[in-house]
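These entries record what I looked up in the structure shown below.

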Amino acid sequence: MTFGAIRRTFSARAIRDFDVIIVGGGPVGLALASGLGSYRMVRESLKVALVEAGDLSRTRDWTLPPDSYSNRVSSITNSSRVFLEDIGVWELVDKSRTCPVKEMQVWDGLSDARITFDAVNLPPSGVSNAAESSEMARLTENLNLQRALLRHLESIRSIELLQKTRVESIQREDRDGGHGWPLVHLSDGTTLRARLLVGADGFNSPVRAYAGIHSYGWSYDVRAVVATLNHSPRGAFQGPNHTAYQRFLPTGPIAFLPLSPTVSSLVWSTKPALAEALCRAEPAVLAHMVNAAFRLPEVSVRYLHNLILDAHSRGTSISGEDICNEIAFREKSHNIPGYSAYSSISSMLSPGVPPNDAMAVPPLVTSTQSGTIASFPLKFNHAESYLGEGAGNRTVLVGDAAHTIHPLAGQGLNLGLGDVKSLVQCIVQSVAHGGDIGSYTSLRPYAAERYFTNHKVMSAVDKLHKLYSSTWDPVVWARSIGLEVVNELDSVKAALMMDAGGGNLEGSRWDLLADSIKGVSNGLSTAKMLGQGIGVVFNTGINEIIRRLGQH
């Protein structure tokens, strides 16, 4: 097999020594290999191997027609993009298959309270391209990024990629009083010995299991439905398709993410039964339901959900024509004008000057791209430590092996890239000072920097998910007014955007926002029980939100 720098070694039952072994060839594992290889000091001093069970050559040669897109898409924040630029990867990403996010509209599915984020309010981000510095983030397919990472690694001969090779087992080398190096046994009979073993191997991480690192978390009672959506381009009187939309329904948020003038990506978190029914229905049903989910009042969205679930429970599925007729009836019953952008049926027949509210909702979906509808379960999971100790020493976790997060904020991959950037710096510093890159002392700065940073982001996202899952009136009221108040504070919104990825990933203000609104809700509940004035509690709570956000 000839494939640039991707080589497979067949030295059966031999032991091969490496300074760093990375298990996992996803975006995070490849980014770590690329990051290490971008330093001459590392290239000249360390032997690095990456082990991946899949066929990396297929990813390296991946291609799709210009108007077709994969259904696995990530939001690359400005800080992540600066890192990818610094290590020489971003220039290899196919920019024609990326799309800027310059505005984000988020609203409550019950109250319609809305907050709008605009990249014009962000300070300079540090990206090399001036045009790209006015973006909140840039969306791209995961495969587009992975392909760029593999092309970057082709030029780095000191990094060996072992593809189509599974990790069969990992054990501790029996020497130095039980403190030997990890031995990684591969499916081709090869054994690798690692001074430092890195787990970039996902949620069910064999490296984490070997290191004896426990994790805590839970499964959300939701699944994410993903699909690639076709739609008409924005009209001449509208802006380009650079706005991301997210509506929080009680069953979970639905997000519409731009990829091109006529293509966007769907991430719809909803109950498992509905996710299954939507995936098994004809594609036209999902297309119509996406349009309805962003436009109809929640009571009608819930009614449509029940129609689909009832049909699915009987072993049948509702047709695209039937769901379209039902949506038209529901729009009429809500007195939605035919020319309004909130009319998902008649608006399709109204070319020309768009309605005044056209930018308040995403473009109307006309179809889904073949083979892109899928779903997967959502989890919260955080390792108790990122570093192995004792019998599991000389191991470190990055990405999903260390943490798994709800996708509502689009931070999963960015947290992983933040891990990579920190770990690369940690290893480089250890090499520069002649240290042992696998020692706990050398790795401790990485864990100290990343653990609580990640935890704050994860905590904020989890709280927001739970906050918007509630249908209790006082909670809906508190979160809606809190959202509308924050929407009027441009400086606070700019700070929130920076925390969410426009400039850094510390996430402190999001955590404060979630905690503060949750505190208002709890206060309202207590006031109701004690007979106190709800207005006093509410005013105090809103003032506290503003005070706490303004202090950070």
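Entry 1. I noted that the model is a predicted one. The side chains of Arg450 and Asp419 meet in a salt bridge, with 2.9 Å from N to O. Arg450 belongs to helix α12 (residues 440–467) and Asp419 to helix α11, so this pair ties together parts 31 residues apart in sequence.

**Entry 2. The chain as a whole.** I counted 16 helices and 19 strands in the secondary structure. Of the 552 residues in the chain, 57% are buried. I looked up the accessible surface and recorded about 22,200 Å², with 52% of it belonging to carbon and sulfur atoms. Among contacts between residues at least 6 apart in sequence, 75% join residues at least 24 apart.

Entry 3. In soluble globular proteins, nonpolar side chains tend to be buried together. Here I found that the largest nonpolar core has 69 residues, and that Ile21, Ile22, Leu84, Leu197, Val198 and Leu423 have the most contacts inside it. Helix α11 (residues 412–432) gives the most to this core, contributing nine residues. I then followed Leu84: leaving aside residues up to four places away in sequence, it touches Ile76, Val89, Trp90, Leu145 and Leu417. A second, separate core of 39 residues includes Ala119, Tyr220, Val461 and Tyr468.

**Entry 4. A sheet of three strands.** I traced an open sheet with the order β3-β7-β4 and antiparallel pairing. The edges are β3 (73–77) and β4 (98–101); each has a single partner strand, so one side of each is left without a neighbour in the sheet. From one strand to the next, the twist averages 30°. Four bridges join β4 to strand β7 (residues 137–141) in the antiparallel sense. I noted Leu139 in β7 as the bridge partner of Cys99. Helix α5 (residues 142–154) lies across β3, β4 and β7, and runs at about 85° to β7.

**Entry 5. Further salt bridges.** The structure holds 19 salt bridges. I examined the one between Glu154 and Arg60, where the closest N and O atoms are 3.2 Å apart. Glu154 lies in helix α5 and Arg60 in helix α3 (residues 56–60), so the pair ties together parts that are 94 residues apart in sequence. Glu154 counts as partly exposed at 25% relative accessibility, whereas Arg60 is buried at 18%. Lys271 forms a salt bridge with Asp221, the closest N and O atoms being 3.6 Å apart. I also listed Asp17, Glu173 and Arg193, which are linked in a network of salt bridges.

**Entry 6. Loop residues.** Which backbone angle did I note for Asp112, although it is not a glycine? Asp112 has a positive phi of about 70°. Asp112 lies in the loop between β5 (103–108) and β6 (114–118), and at 48% relative accessibility it is partly exposed. Asn335, also not a glycine, has a positive phi of about 60°. Asn335 sits in the loop between α10 (320–333) and β16 (365–368) and is exposed, with a relative accessible area of 65%. Finally, I looked up Gly371, in the loop between β16 and β17 (374–383). Gly371 is exposed at 76%. Its C-alpha atom is separated by 9.0 Å from that of Thr228, 143 residues apart along the chain.

Terms used: Residues numbered from 1 in each chain as written. Predicted model: local features only at pLDDT ≥ 70, side-chain atom pairs only at ≥ 80, totals over all residues. Heavy atoms only, no water. Helix = DSSP H or I, 4+ residues; strand = E, 2+ residues; numbered from the N terminus. Buried < 20%, exposed > 50% of the residue type's maximum accessible area, 1.4 Å probe, protein only. Pairing = 2+ DSSP bridges. Axes fitted to C-alpha atoms, helices over the stretch in contact; angles between N-to-C directions. Contact = heavy atoms within 4.5 Å. Core = buried A, V, L, I, M, F, W, Y, C linked by side-chain atoms within 4.5 Å. Areas by Shrake-Rupley, 256 points an atom, 1.4 Å probe, with all protein chains shown as cover. Salt bridge = Lys/Arg side-chain N within 4 Å of Asp/Glu carboxyl O.
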